[in-house]
Amino acid sequence: MITIAVLSSMIILIMLLMIIILNLISKKSFKDREKMSPFECGFDPKNSARLPFSLHFFLIAIIFAIFDVELTLFLPLVLLSKSMNMMNLLTCMSMFIMILLYGLFHEWNQGALNWVK
């Protein structure tokens, strides 16, 4: 028990020492050439970083992420196809697709997929 406490305290001391050394030798420059040049997207870094962001684009990105993550849930179903009853597998996959389609139609009816407003 004592060896675990000594070992963990040594690890914490080494980590703190590394953090202190890093803070001492790191170069903090606010007038760096890379920081003063425009980003790839063309925003001028001298202006405020809090530019208005399109809420509609954010909603489309969230919808894409949700559908992308849910489609990765199909991958284990391929592996389960050998060990699972075919009727149960088809029922599970069809229910999953129905839930995805319901979400898609709901977003479509709410107007979240219309780019022109």
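Is Trp 108 buried or exposed in this predicted model? With a relative accessibility of 52%, Trp 108 counts as exposed, and the views below place this residue and its surroundings within the chain.

**View 1. The protein chain as a whole, built from five helices and zero strands.** In this predicted model, the order of elements along the sequence is α-α-α-α-α. Of the 117 residues of the protein chain, 8% count as buried. Among the contacts in the protein chain with a separation of 6 or more, 49% are accounted for by residues 24 or more positions apart.

**View 2. Helix H5, spanning residues 86-110, and the glycine that follows this helix.** H5 has 25 residues and reaches 36 Å from its first C-alpha to its last, a span close to the 36 Å expected at 1.5 Å a residue. After H5 comes Gly 111, which has a positive phi, near 85°.

**View 3. The aromatic pair formed by Phe 105 and Trp 108.** A search of the whole structure finds one aromatic pair, and in this pair the rings of Phe 105 and Trp 108 are stacked, with 6.1 Å centre to centre and 25° between the planes. Both residues belong to helix H5, where they are three residues apart, about one turn of the helix. An α-helix has 3.6 residues a turn, so residues three or four places apart point the same way. Phe 105 has a relative accessible area of 43% and is therefore partly exposed, whereas Trp 108, at 52% relative accessibility, counts as exposed because the cut-off for that class is over 50%.

**View 4. The packing of helix H3, residues 55-72, against H5.** The axes of H3 and H5 come within 12 Å and cross at roughly 175°. Because angles over 145 degrees count as roughly antiparallel, H3 is roughly antiparallel to H5. On the H3 side the contact is made by Ile 63, Phe 67, Glu 70 and Leu 71, and on the H5 side by Phe 96, Leu 100, Gly 103, Leu 104 and Glu 107. Sorted by class, the residues in the contact of H3 with H5 are six nonpolar, one polar and two charged.

**View 5. Ile 66 of helix H3 shown together with Leu 100.** Ile 66 and Leu 100 are separated by 34 residues in sequence, and their C-alpha atoms are 9.7 Å apart in space. Leu 100 is one of the H5 residues that make the contact with H3. Ile 66, which lies in H3, has a relative accessibility of 44% and so counts as partly exposed.

Technical notes
Residues numbered from 1 in each chain as written. Predicted model: local features only at pLDDT ≥ 70, side-chain atom pairs only at ≥ 80, totals over all residues. Heavy atoms only, no water. Helix = DSSP H or I, 4+ residues; strand = E, 2+ residues; numbered from the N terminus. Expected span 1.5 Å × (residues − 1). Axes fitted to C-alpha atoms, helices over the stretch in contact; angles between N-to-C directions. Parallel < 35°, antiparallel > 145°, perpendicular 65-115°, else oblique. Contact = heavy atoms within 4.5 Å. Nonpolar A, V, L, I, M, F, W, Y, C, P; charged D, E, K, R; others polar. Phe/Tyr/Trp six-rings, centres within 6.5 Å; stacked < 30°, edge-to-face > 60°. Buried < 20%, exposed > 50% of the residue type's maximum accessible area, 1.4 Å probe, protein only.
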